[in-house]
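Subject: Structure for you to look at

Hello,

I am passing on the structure we talked about, with notes on what turned up in it. Please read the notes with the structure open beside them.

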Amino acid sequence: MRRIPFDLAAYRNQMQTLLAGSAGAPVFWEALDFATSAHFDQWRKSGDAYIYHPCSVAKILAEEMDILHPEILAAALLHDTVEDVEEVTAEVVGQKFGSYVQAIVEGCTKVTHVSGDSQLDHRRTHRKIFSGAALRPEVMLVKLADRLHNLRTLKALPERKRQRIADETIDIYAPLAERIGMYEIMNEMQTLAFRQLEPDAYASITRRLAQLHAEG
């Protein structure tokens with residue numbers, strides 16, 4: 001597998017622009033250093049350095065969802081560390097970044113565990129977690145950004161996993177985005193999921209739209 005390093009310097013410059021003037025920004029930069037170290041030598045199936053994913057999730061939150069709260073963005077950077085890095089626990093996250101960041105990361109980890117459940121009723125369980133009154137809204141925001149980036153990078157995954165992600169998106173994530181008024185996010189999720197679930201229909205519609213555009 002060809003390994004593709006992540007341009008951390010370019011990412012820092014992009015996020016500095018987005019976070020310019022944001023109070024409390026140091027927690028974001030500390031989380032970036034921590035996540036980069038924690039995910040060192042971890043790679044996605046696409047060959048990208050793993051840190052590319054959490055960094056992209058944080059950037060989606062800031063750039064496309066207008067979420068500039070440094071602690072929420074820090075939690076986005078850290079959202080996979082407890083799941084994927086043996087020595088990183090929720091308590092370690094709390095000690096380093098505070099109880100607020102810890103609570104968001106724990107919430108994301110809980111949803112991830114359900115998402116990976118192979119039982120037939122995993123959708124019902126997943127939906128129950130998202131509809132729970134105790135769930136932090138911040139967890140929903142991070143998981144929406146997480147799902148959007150995963151949809152944008154589906155190509156490297158096995159067919160069965162691509163289908164599951166697309167199915168969950170239509171069933172849970174796109175309606176959630178609509179419910180909280182993130183219509184552009186919802187539309188992109190539905191489009192990417194539809195392209196995966198119904199590739200022939202998607203290609204046919206795309207060709208027809210292109211034809212209408214050329215004729216118009």
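Helices, as the word is used below, are DSSP runs of H or I of at least four residues, numbered from the N terminus. By that numbering α6 is followed by G98, and the phi of G98 is positive, near 95°. Please keep in mind throughout that this is a predicted model.

Overall make-up

The chain has 12 helices and zero strands. Read from the N terminus, its elements therefore run α-α-α-α-α-α-α-α-α-α-α-α. Of its 216 residues, 44% count as buried. Among contacts between residues at least 6 apart in sequence, 68% join residues at least 24 apart.

Helix α6

Helix α6 covers residues 90–97, and its buried residues are A90, V93, G94 and F97. Seen down the axis of α6, these buried residues fall within an arc of 100°, so they line one face of the helix.

The α3 and α4 pair

Two packed helices are described by the angle between their axes and the distance between the axes. For α3 (residues 52–64) and α4 (residues 70–78), the angle is about 155° and the axes are 7 Å apart. Since angles over 145 degrees count as roughly antiparallel, that makes α3 roughly antiparallel to α4. The crossing of the two, α3 and α4, is right-handed.

Which residues in α3 and α4 meet? On the α3 side they are P54, C55, V57, A58, L61 and A62, and on the α4 side I72, L73, A76 and L77. Sorted by class, the contact of α3 with α4 has 10 nonpolar residues, no polar ones and no charged ones.

Two aspartates are worth a look on the backbone. D41 has a phi near 65°, which is a positive value in a residue other than glycine. D41 sits in the loop between α2 (26–38) and α3. Its relative accessible area is 48%, so D41 is partly exposed.

D66 also has a positive phi in a residue other than glycine, here near 60°. The place of D66 is the loop between α3 and α4, the pair that packs at about 155°. Is D66 buried or exposed? With a relative accessibility of 64%, D66 counts as exposed, because the cut-off for exposed is over 50%.

Regards

Key:
Residues are numbered from 1 along each chain as its sequence is written. This is a predicted model: local features need pLDDT of at least 70, side-chain atom pairs count only at pLDDT 80 or more; totals for chains, interfaces and linings use all residues. Side-chain values use heavy atoms; hydrogens and water are left out. Axes are lines fitted to C-alpha atoms, for helices over the stretch in contact, and angles run from 0 to 180 degrees between N-to-C directions. Angles under 35 degrees count as roughly parallel, over 145 as roughly antiparallel, 65 to 115 as roughly perpendicular and the rest as oblique. A crossing is left-handed if the near helix is turned anticlockwise from the far one by less than a right angle, and right-handed if clockwise. Contact means heavy atoms within 4.5 Å. Ala, Val, Leu, Ile, Met, Phe, Trp, Tyr, Cys and Pro count as nonpolar, Asp, Glu, Lys and Arg as charged, and the others, Gly among them, as polar. Buried means under 20% relative accessible area, exposed over 50%, partly exposed in between (1.4 Å probe, protein chains only). The arc is that of the directions from the helix axis to the C-beta atoms.
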